[in-house]
Amino acid sequence: MFHPRGSRPALAGRPMFRALLLCLGLLLCAPALAAERYQVSLLTMSPGSDLFARFGHTALAIEDRRDGTEVAYNYGTFDIHEPDLWRKAMGKRLPYWVSTMNPGETAMRYADREIRVQQLALSDERAGALLALLQERALRQNRVFPYDLFADNCVTRVRDLIDTASGGWLRQHTAGPAPRTFRAEVLRTLAPAPLWAATAMVIYGPYTDQQRSRWDSLALPEALHDAVAELSDGPKVRLVRSERRWRGEDFGPLAYLPDPLLPAILAAALLVYGLLAGTTGTTGTTGTTGTRGRRAVGLTGAALALVAGVLGTLVCLLEATPHPCFQHNQNHFLLSPLDLGLVPLFILVLWDRGRPRRLLARGLFWLLLATALVSALHLLIGHVVGHLGPAPCTQVHWGVLFWSLGFRLLLLGCIVRIAPGSPNPHLDPRR
């Protein structure tokens, strides 16, 4: 219809036109209105090359799409330049706190690692409550917490937050028994470094051998990642909406842990040499062969006694810490600081000309016999008779037990061979 200049359309058509514009605007804005404000993501960092990063790491990131911000909350922060770092860490007095990182800082810190990002299907209400809780805990007066290796670490803190945000879903799903103990998990992680794995076998007590629920085992990043990925309520609803992987610029194949194999190889070579020379060398065709056997026994005994004494001292020191995983360690029956007292005696055997003096030989004999009997009694009482009674030894340390008993019996036999009065015609002055 033609309208003269200055005239307006009929009033009857204006409401319909406005309604059409409103419907069109709603259709165009529908995706934006339907989008959730918050996106919560679980970040699982791959293991690093050094010992402290070998078990991986976990953080929780929350993106606020309305404000255009994204923050990752990291519960594993401490000051590496803290005075008396190790003493405070062992005494549970090293301050750990929750810190915040933006995406750029996260990428820089884990440039050599892979990060698996699991986007969680949480409603805006639950995600907002989670964000408010994290912001409160990140305040300076609230951020510090008492770190524990297994019971309260950077992973368990995130685990508890996800469980709260999911309405207890995670704890309910992981109420069954764990597939592996803490000790088995640690040894599996340290498998590429046998010497570190052996040290872990020695220093951890029966706490790490107890059967636990899968919920307790979510103290490791990989276990938490897998448990969250399994959560579903029916065939269609899952806690994890999507997952993607991000790799830093310096990412590469995981290097083996620094494993000081040379001392282990040297100790094994000395053990074999001491066995052969100490048991057969004193009956050779010349006096020099007997001297070589004596020196091999002294060198082997000093080295093994030093290793046993250092490990025994470490066990006793860690037992005195408030960390439950180190307490009540039955390896103090097998390795003792008193083993350090054998070192100077074996050095005297190494330096002595000819056969060791009678008093020295007797002292070594009785000390080795006493320590071997302690190991044998622990095997008998704790692992044989104890399993028939009410208080068996539940610690898994068969390797430590047989190593301790074996090397003591070996050295005991060598001392008997080279002791005064042993038959050796090549050193007999009457010939």
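I began with R214 in this predicted model and found R214 buried, its relative accessible area being 19%. Since the cut-off for buried is under 20%, I kept that class for R214 at 19%. I then looked up its partner: the R214 side chain forms a salt bridge with that of E230, at 2.8 Å from N to O. This pair connects distant parts of the chain, with R214 in helix α9 (residues 214-217) and E230 in helix α10 (residues 221-230), 16 residues apart. I recorded E230 as partly exposed, at 35% relative accessibility.

Next I turned to D148 and K92. Their side chains meet in a salt bridge with an N to O distance of 2.9 Å. D148 sits in the loop between β6 (144-145) and α5 (154-165), and K92 in the loop between α2 (85-90) and β4 (96-101), so the pair ties together parts 56 residues apart in sequence. I noted D148 as buried at 4% relative accessibility, whereas K92 is partly exposed, with a relative accessible area of 30%.

E185 and R188 form a salt bridge, their closest N and O atoms lying 3.0 Å apart. Both residues belong to helix α7 (residues 182-189) and are three residues apart, about one turn of the helix. E185 is buried, with a relative accessible area of 9%; R188, with 48%, is partly exposed.

Finally, I looked for linked pairs and the overall count. I found a network of salt bridges that joins R37, D64 and D67.

Notes:
Residues are numbered from 1 along each chain as its sequence is written. This is a predicted model: local features need pLDDT of at least 70, side-chain atom pairs count only at pLDDT 80 or more; totals for chains, interfaces and linings use all residues. Side-chain values use heavy atoms; hydrogens and water are left out. A salt bridge is a side-chain nitrogen of Lys or Arg within 4 Å of a carboxyl oxygen of Asp or Glu. Helices (H or I, at least four residues) and strands (E, at least two) are DSSP runs, numbered from the N terminus. Buried means under 20% relative accessible area, exposed over 50%, partly exposed in between (1.4 Å probe, protein chains only).
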